[in-house]
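Have a look at the structure first, then read on.

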Amino acid sequence: MFTLGFILLAVFTIILGSWIILLKRRSHAGISGWVKDSDLKGKGKQYFNRTTGVAAKPDVVLRGKVIEVKSYPALNSPFKGDILQATAEMNAVGVGKAEIHYSNKRFLVKNTTQLRDSLMRVYQAMQEHFERSMAPKGTPTTRKCRVCEFNSDCPERL
Ligand code: SF4
């Protein structure tokens, strides 16, 4: 009887400990609500919108919302490329809202017609480049080129 009680207490303590750790991690990442899917440890699922052909793997999928987690800070607004990425994720999953979590602040992005149109313009341009096997015109900067993995071969390197 004592052994059984001890085992039950140990199991309960492990479950409670894991639950507290999970809650702390979620609160640290600013996640509230039921997590349907997470790619924060690289095990997330790829979402695909059959109508548009847009595929994406969001960092976190909640009910009605996705979260994209960035390791770098933002200024006063989210970066354009990150908004586009969040838009692709919202449309691949089929939700109306996204949050972009930077290391210093968070932004809410809504899945508007304007953002969807921008996404589709970029997507079509990418498809055209892909079909013609042509690299799109880049926006090189000295900082980007210095750390770029292709900088030893790239003729556009700054
Ligand atoms: S080295 Fe070339 S590919 Fe890399 S960032 Fe610069 S321009 Fe772009």
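Strand 6 and strand 7 (residues 106–110) make a hairpin, with 4 residues between them. This is a predicted model, where local features need pLDDT of at least 70 and side-chain atom pairs count only at pLDDT 80 or more, while totals for chains, interfaces and linings use all residues. Residues are numbered from 1 along each chain as its sequence is written, and side-chain values use heavy atoms, leaving out hydrogens and water.

Strands here are DSSP runs of E with at least two residues, helices are runs of H or I with at least four, and both are numbered from the N terminus. Strands pair if DSSP finds at least two bridges between them.

| Strands | Sense | Bridges | A bridge pair |
|---|---|---|---|
| Strand 5 (residues 65–69) and strand 6 | parallel | 5 bridges | Val-66 and Ala-98 |
| Strand 6 and strand 7 (residues 106–110) | antiparallel | 5 bridges | Glu-99 and Leu-108 |

How buried is strand 6? Of its 5 residues (97–101), 4 are buried, so strand 6 is largely enclosed by the rest of the structure. Buried means under 20% relative accessible area and exposed means over 50%, with partly exposed in between (1.4 Å probe, protein chains only).

Val-60 sits in strand 4 (residues 60–62) and is buried too, at 1% relative accessible area.

Now for a loop: Ser-133 lies between helix 3 (113–131) and helix 4 (142–147). Ser-133 isn't a glycine, yet has a positive phi of about 50°. At 69% relative accessibility, Ser-133 is exposed.
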